[in-house]
Amino acid sequence: MDEILPSSHWASFGYSLSARLRSLRDMRGISQVRLAELAGLSRSLVSNLERNHSSSEGSSDPTMSTIYRLSYALRVPPAVLLPAAGEEVGGVCWETIERAVGDTTGVLNTSVSWPARPEDTQPFSRSR
């Protein structure tokens, strides 16, 4: 995937996911152990996601089933866990930049509305 976006850009999305997960877990007042139990996951996986760390020494990259298990356990829509869920994937995740400068207002606010513009449902051109 590095051909599409540099690793540092993908890592910024992992960092935002980790911050969202930690914020939600803290909001619910549960430990990593309890979240892991509720989600049917290991505590080490929850810890790795919250640290944006994977066993391959890269950024965390959870499976879809992990995202859905966590969202079920936390009682939130899956989109709440996903950074920039309502936006096209571009460069660095904007949430990472906001957290770096200390602006965490509305970081968990999630609004997804698609299609947002007529071209969103058009076929790709041959050059895409």
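Me: How exposed is Arg22?
Reply: In this predicted model, Arg22 has a relative accessible area of 44% and is therefore classed as partly exposed.

Me: And what does the Arg22 side chain pair with in a salt bridge?
Reply: The partner is Asp26, with an N to O distance of 3.3 Å. Both residues belong to helix α1, where they lie four residues apart, about one turn of the helix. Asp26 likewise comes out as partly exposed, at a relative accessible area of 44%.

Me: OK, Arg25 next. Which residue does Arg25 bridge to?
Reply: Arg25 forms a salt bridge with Glu50, and the closest N and O atoms of the two are 2.5 Å apart. This pair links distant parts of the chain, since Arg25 is in helix α1 and Glu50 in helix α3, 25 residues apart.

Me: Are Arg25 and Glu50 buried or exposed?
Reply: Both Arg25 and Glu50 are buried, whereas Asp26 is partly exposed.

Me: How many salt bridges in total?
Reply: The count comes to four salt bridges. One of them joins Glu37 to Arg34, with the closest N and O atoms 3.2 Å apart. Glu37 and Arg34 are three residues apart in helix α2 (residues 32–39), which means about one helical turn separates them. Glu37 is exposed, with a relative accessible area of 52%, while Arg34 is partly exposed at 39%.

Me: What follows α3?
Reply: α3 is followed by Asn52, which has a positive phi, near 55 degrees.

Me: Where does Ser60 lie?
Reply: Ser60 lies in the loop between α3 (43–50) and α4 (64–74). With a relative accessible area of 10%, under the 20% cut-off, Ser60 counts as buried.

Me: What does Ser60 touch, leaving out residues up to four places away in sequence?
Reply: With those sequence neighbours not counted, Ser60 touches Asn48, Leu49, Asn52, His53 and Ser54. Asn52 in that list is the residue with the positive phi that follows α3, and Leu49 is among the buried residues of α3.

Me: Leu49 again. How far is its C-alpha from that of Ala19?
Reply: The C-alpha atoms of Ala19 and Leu49 are separated by 9.1 Å, and the two residues are 30 residues apart along the chain. Ala19 is found in helix α1 (residues 7–28), and with a relative accessibility of 12% Ala19 counts as buried.

Me: Now α4. Which residues there are buried?
Reply: The buried residues in α4 are Thr66, Ile67, Leu70, Ser71, Ala73 and Leu74. Looking down the axis of α4, these residues fall within an arc of 160 degrees, so they line one face of the helix. On the other side of α4, Met64 and Tyr72 are exposed.

Me: What sits over the ring of Tyr72?
Reply: The charged end of Arg75 sits over the Tyr72 ring, 4.3 Å from its centre. Arg75 is the residue that follows α4, and its phi is positive, near 60 degrees.

Me: How many aromatic pairs are there in the whole structure?
Reply: A search of the whole structure finds zero aromatic pairs.

Me: Zooming out, how many helices and strands does the protein have?
Reply: The protein has six helices and zero strands, and of its 128 residues, 33% count as buried.

Me: What share of the contacts join residues at least 24 apart?
Reply: Among contacts between residues at least 6 apart in sequence, 64% join residues at least 24 apart.

Methods. Residues are numbered from 1 along each chain as its sequence is written. This is a predicted model: local features need pLDDT of at least 70, side-chain atom pairs count only at pLDDT 80 or more; totals for chains, interfaces and linings use all residues. Side-chain values use heavy atoms; hydrogens and water are left out. Helices (H or I, at least four residues) and strands (E, at least two) are DSSP runs, numbered from the N terminus. Buried means under 20% relative accessible area, exposed over 50%, partly exposed in between (1.4 Å probe, protein chains only). Contact means heavy atoms within 4.5 Å. The arc is that of the directions from the helix axis to the C-beta atoms. Rings of Phe, Tyr and Trp (its six-membered ring) pair if their centres lie within 6.5 Å; planes under 30 degrees apart count as stacked, over 60 as edge-to-face and the rest as tilted. A charge sits over a ring if NZ of Lys or CZ of Arg is within 6 Å of the ring centre and within 35 degrees of the ring normal.
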